[in-house]
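Here is a short report on one protein. Look at the sequence and the fold first, then read on.

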Amino acid sequence: MTSNTSILDMLQQHLGPDTIANISQQLGASPADVSSGIAAALPVLLSGLHRNASDPQGAAALDSALNAHDGSILDNLGSLLGGGATGGIGAAILAHILGKRQAPVEEGVSRASGLSAQQVSQLLMMLAPIVMGVLGRMRQQKGLSPAQLPEVLGQSKAQMEAQNPALGGLASVLDSNHDGQIADDVMRIGSSMLGGLFGKRP
């Protein structure tokens with residue numbers, strides 16, 4: 001990993017065709033629908049983490065949580081996803097990242113991807129530990145302090161917005177108090193991000 005590798009770059013590396021096929025099998029969904037679901041979900045999860053870490057107390061809490069997410073999960077994703085072991089861990093992470101916004105986010109991912117509500121719920125519980133694992137590994141490899149976590153997360157958000165100018169309002173999505181608006185924004189994000197995340201695969 002180069003010093004310029006971002007969280008988004010690492011996530012793309014670990015969410016390759018084999019992982020997507022594994023997730024598809026677990027969900028009983030097509031790889032195309034799973035790819036669409038991931039494209040909608042990742043920007044929101046990363047934006048939620050950035051939002052939570054934007055103050056010193058939140059950054060310290062995230063840094064503490066990463067002690068339990070050192071990146072080792074990334075070394076055996078096939079076994080982990082196949083065993084369904086992400087459920088409890090994923091649900092706990094999602095509760096911290098999304099809180100009361102989880103339901104409208106799930107609705108938006110469902111509408112963007114064609115996945116059912118139950119499939120989206122399972123997908124998010126699979127993705128959340130992977131996102132934390134990537135951030136935990138980057139924290140170890142780069143020796144990140146709590147104060148640097150918001151900067152690293154902000155870089156990935158900027159990278160997503162640079163790839164897809166339509167995501168300019170990403171930061172405001174989770175600040176909305178209108179559940180329907182969150183779902184609409186997540187659906188729009190999914191449509192905008194699909195090519196950026198998966199369009200350059202060989």
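Of the contacts in the protein with a separation of 6 or more, what percentage comes from residues 24 or more positions apart? The share is 80%. Contact means heavy atoms within 4.5 Å.

This is a predicted model, in which local features need pLDDT of at least 70 and side-chain atom pairs count only at pLDDT 80 or more, while totals for chains, interfaces and linings use all residues. Residues are numbered from 1 along each chain as its sequence is written, and side-chain values use heavy atoms, with hydrogens and water left out.

**Overall make-up**

The protein has eleven helices and zero strands. Both are DSSP runs, numbered from the N terminus: helices are H or I with at least four residues, strands are E with at least two. Of the 202 residues, 51% are buried. Buried means under 20% relative accessible area, with a 1.4 Å probe and protein chains only.

| Helix | Residues | Buried residues |
|---|---|---|
| Helix 1 | 7–14 | Ile7, Leu8, Met10, Leu11, His14 |
| Helix 2 | 17–27 | Thr19, Ile20, Asn22, Ile23, Ser24, Leu27 |

In helix 1, the buried residues are Ile7, Leu8, Met10, Leu11 and His14. They cover an arc of only 160° around the axis, so they sit on the same side of helix 1. The arc is that of the directions from the helix axis to the C-beta atoms. Just after helix 2, Gly28 takes a positive phi of about 70°.

**The core**

The largest nonpolar core has 53 residues. Such a core is a set of buried Ala, Val, Leu, Ile, Met, Phe, Trp, Tyr and Cys residues joined through side-chain atoms within 4.5 Å. Ile7, Ile38 and Leu62 have the most contacts inside the largest core. Helix 8 (residues 117–142) gives this core its largest share, 13 residues.

Take Leu62. Leaving aside neighbours within four places in sequence, Leu62 is in contact with Leu49, Ala53, Met132, Leu135, Leu149 and Leu153.

**Aspartate 63**

Asp63 is found in helix 4 (residues 56–65). Is Asp63 buried or exposed? Asp63 is buried, with a relative accessible area of 14%. Not counting residues up to four places away in sequence, Asp63 touches Arg139, Leu144, Pro146 and Leu149.

How values were computed
Buried means under 20% relative accessible area, exposed over 50%, partly exposed in between (1.4 Å probe, protein chains only).
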